[in-house]
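Work through the exercises below with the sequence and the model open side by side. Each task is followed by a solution in steps.

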Amino acid sequence: MNVRAAAAQVLFQVVDQGYSLSAALPAAQQKIKPRDHALLQEICFGALRFLPRLESIANALMDKPLKGKQRVFHHLILVGIYQLSSMRIPAHAAVGETVEATKTLRGPRLRGLINAVLRNYQRQQEELDAKAISHDAGKYGHPSWLLKLIKSSYPEQWESIVEANNLKAPMWLRVNHSHHTAQEYQAILADEGIASTLHSLAEDALKLEHPCDVTQLPGFAQGWVSVQDAAAQLSYHYLTPKNGERILDCCAAPGGKTAHMLEHIKAKEVVAIDNDATRLKRVYENLERLNLEATVICGDARKPQEWWQGEQFDRILLDAPCSATGVIRRHPDIKWLRRAEDIEVLATLQSEILDAMWQQLKPGGTLVYATCSITPQENTLQVKAFLERTSDATLMGSNQEHPGRQILPGEEDMDGFYYAVLTKQA
């Protein structure tokens, strides 16, 4: 399939039909040549990062919007505009290949329209670009509700958060401690001409200077290393699991945090639970590649009585379902799939899971509440409310006025993440 046609289909599926990019993009990559995978990803990620800007330009260049069965061609126009405005592809190639995509999409009669729109954009680019960023949505690339939430929550940092959300995410590695230290693996990478930097707190984290295919990483197939953002790796730092303990990783898929624990300790038992059977397949795959073992369960975290009749746990990592507003740079579709009303719904779900998991924690045990969100409703306010209603809970390492640690997107080049450490009175 023509790469631009594939990109238009992905955008149509995400923006118009509500598919996640993580589902639509791999399916589209199956239809094109492997050498074009990176190009397809670059177009889709970039167009979704700056969607309002592209929409503004496209609307200014057309007399009437494309609707119904022609909607995919609207997204093809966005693909063309993104290439011309933001990529290093020669203009003639960007226009020519985008127009050629009409054949694949079975719309040859729209060939002339798309060619005219893209040529007109070239002629009026400076004026159209300026107009497209004259409003907040176009300038910042965020829906109004989310921009308002970020501004109100972080009045001093909101611009840096928005900027970080619109940047390409770096590639962080988690070095398998049972094989090498981060410093040792960094030297192995250097011998292969792969430059990397260490993290100040996540002891197993390495950031690659330039992202690469995992097949280029020494020992990847043998389990020497995994791909995981440094912020997510800090779960081990805050949970501090010990040998001989019974540990629960709640909402565990795809299993990176489960594996990280097992790479360091010999636990009595590690249980990984998630309610998504499809995503649990990734847990099994990761454990197999890393040669690790855990008890993997599909179940509803709000109802542990349905899937756990064993002893209470010494430590619980609750990586709660959330808005994922901290990982927008990795998943730009979140900006357009998430809705303002989702935050309250998610906060209620998190509260229910937190209460249920607390009952599964031993007296004297530790629970780490975590999200990849930056909204106070899901993080600091969530933990405050839990502490107010839970008499045997003690907050560790922070104060109750500002509980936990909120990592903002871009902080030490990490994703946005939140951690709060809670202990249960013995």
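**Exercise 1.** With which residue does K103 form a salt bridge, and how far apart are the closest N and O atoms?

Solution. Some conventions come first. The model is predicted, so local features need pLDDT of at least 70 and side-chain atom pairs count only at pLDDT 80 or more, while totals for chains, interfaces and linings use all residues. Residues are numbered from 1 along each chain as its sequence is written, and side-chain values use heavy atoms, with hydrogens and water left out.

Step 1. A salt bridge is a side-chain nitrogen of Lys or Arg within 4 Å of a carboxyl oxygen of Asp or Glu.

Step 2. The partner of K103 is E100, with the closest N and O atoms 3.0 Å apart.

Step 3. Both residues lie in helix α6 (residues 91-104), 3 residues apart, about one turn of the helix. Helices (H or I, at least four residues) and strands (E, at least two) are DSSP runs, numbered from the N terminus.

Step 4. For accessibility, buried means under 20% relative accessible area, exposed over 50%, and partly exposed in between (1.4 Å probe, protein chains only). K103 is exposed at 52%, and E100 is partly exposed at 30%.

**Exercise 2.** Which parts does the salt bridge between R329 and D229 tie together?

Solution. Step 1. The side chains of R329 and D229 meet at 3.5 Å, N to O.

Step 2. R329 lies in the loop between β8 and α15, and D229 in the loop between β4 (225-227) and α12 (230-239), so the pair ties together parts that are 100 residues apart in sequence.

Step 3. R329 and D229 are both buried.

Step 4. A network of salt bridges links K207, D229, R329, R330, D413 and D415. The count of salt bridges by this rule comes to 23.

**Exercise 3.** Locate R246 and E311, and state whether each is buried or partly exposed.

Solution. Step 1. R246 forms a salt bridge with E311, with the closest N and O atoms 3.4 Å apart.

Step 2. R246 lies in strand β5 and E311 in the loop between β7 and β8, so the pair ties together parts that are 65 residues apart in sequence.

Step 3. R246 is buried, at 10% relative accessibility, whereas E311 is partly exposed, at 48%.

**Exercise 4.** How many bridges join strand β1 to strand β3, and how many join strand β2 to β3?

Solution. Step 1. Two strands pair if DSSP finds at least two bridges between them.

Step 2. β1 (residues 172-175) and β3 (residues 205-208) run antiparallel and are joined by 3 bridges. L173 has L206 in β3 as its bridge partner.

Step 3. β2 (residues 196-198) is also antiparallel to β3, with 3 bridges. Here S196 stands opposite L208, and a hairpin of 6 residues joins β2 to β3.

**Exercise 5.** Where do P254, N291 and A324 lie?

Solution. Step 1. The peptide bond from A253 to P254 is cis, with omega near 10°. P254 is in the loop between β5 (246-250) and α13 (256-262).

Step 2. N291 has a positive phi, near 60°, and is not a glycine. N291 sits in the loop between α14 (277-290) and β7 (295-298), and is exposed at 70% relative accessible area.

Step 3. A324, another residue other than glycine, has a positive phi near 60°. A324 is in the loop between β8 (313-319) and α15 (334-337) and is buried at 12% relative accessibility.
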